[in-house]
Amino acid sequence: MAAIPPQARSKHLRACLLCSVIQLPADFKKGGCPNCEEILQMKGSGDRVSSCTTTQFDGVIAVIDPDASWVARWQRTAKYVRGMYAVRVTGRIPEDVELELERRNIKYRPRDQTDQD
């Protein structure tokens, strides 16, 4: 994951709708999502980056040691890579991704905090 330059304001950043990792759009297009690429398949596809990420997110959490972070556990990002994560993401993943998750018996939990338990 490339470092986010200081001049990049939040409007230039995007958050993954599935895991909430925050990156520049070019990073999603170049390498896909570091956590969800197998399912989302954003690498090389600007259209897929647009449909599987959003600029509408609140809060930013820096996760340095996911295994030891209580915040990462609370945000359900403890099994993900180190990086910057949104606290809340507005939007839903595309229907085809929801169907793929269902096919794999993975419960989809929207990142907008409406599904807290």
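**Figure 1. Secondary structure of the chain.** Five helices and five strands make up the secondary structure of the chain in this predicted model, and their order along the sequence is β-β-α-α-α-β-β-α-β-α. Among the 117 residues of the chain, 40% count as buried, while the accessible surface comes to about 7,000 Å², with 50% of that area belonging to carbon and sulfur atoms. Of the contacts in the chain with a separation of 6 or more, 53% are accounted for by residues 24 or more positions apart.

Figure 2. Two bridges join strand 1 and strand 2 in their antiparallel pairing, and A15 is found opposite I22 of strand 2.

**Figure 3. Surroundings of S20.** The loop that runs between strand 1 (14–16) and strand 2 (22–23) contains S20. With a relative accessible area of 1%, S20 is buried, and, when neighbours within four places in sequence are left aside, its contacts are with A15, T77, M84, Y85, A86, V89 and R111.

**Figure 4. The largest nonpolar core.** This core has 29 residues, of which C16, L18, C33, L40 and M42 touch the most other members. At least two residues of the core are supplied by each of strand 1, helix 2 (37–40), helix 3 (46–52), strand 4 (57–63), strand 5 (83–89) and helix 5 (95–103). Not counting residues up to four places away in sequence, C33 touches C16, C19, V21, F28 and M42. In soluble globular proteins, nonpolar side chains tend to be buried together.

Figure 5. Six salt bridges are found in a search of the whole structure. One of them joins the side chains of R92 and E98 at 3.3 Å, N to O; R92 is partly exposed, with a relative accessible area of 47%, and E98 is likewise partly exposed, at 27%. A network of salt bridges links E38, E100, R103 and R104. R103 is exposed, with a relative accessible area of 58%, whereas R104 counts as partly exposed at 30% relative accessibility.

Conventions. Residues numbered from 1 in each chain as written. Predicted model: local features only at pLDDT ≥ 70, side-chain atom pairs only at ≥ 80, totals over all residues. Heavy atoms only, no water. Helix = DSSP H or I, 4+ residues; strand = E, 2+ residues; numbered from the N terminus. Buried < 20%, exposed > 50% of the residue type's maximum accessible area, 1.4 Å probe, protein only. Contact = heavy atoms within 4.5 Å. Areas by Shrake-Rupley, 256 points an atom, 1.4 Å probe, with all protein chains shown as cover. Pairing = 2+ DSSP bridges. Core = buried A, V, L, I, M, F, W, Y, C linked by side-chain atoms within 4.5 Å. Salt bridge = Lys/Arg side-chain N within 4 Å of Asp/Glu carboxyl O.
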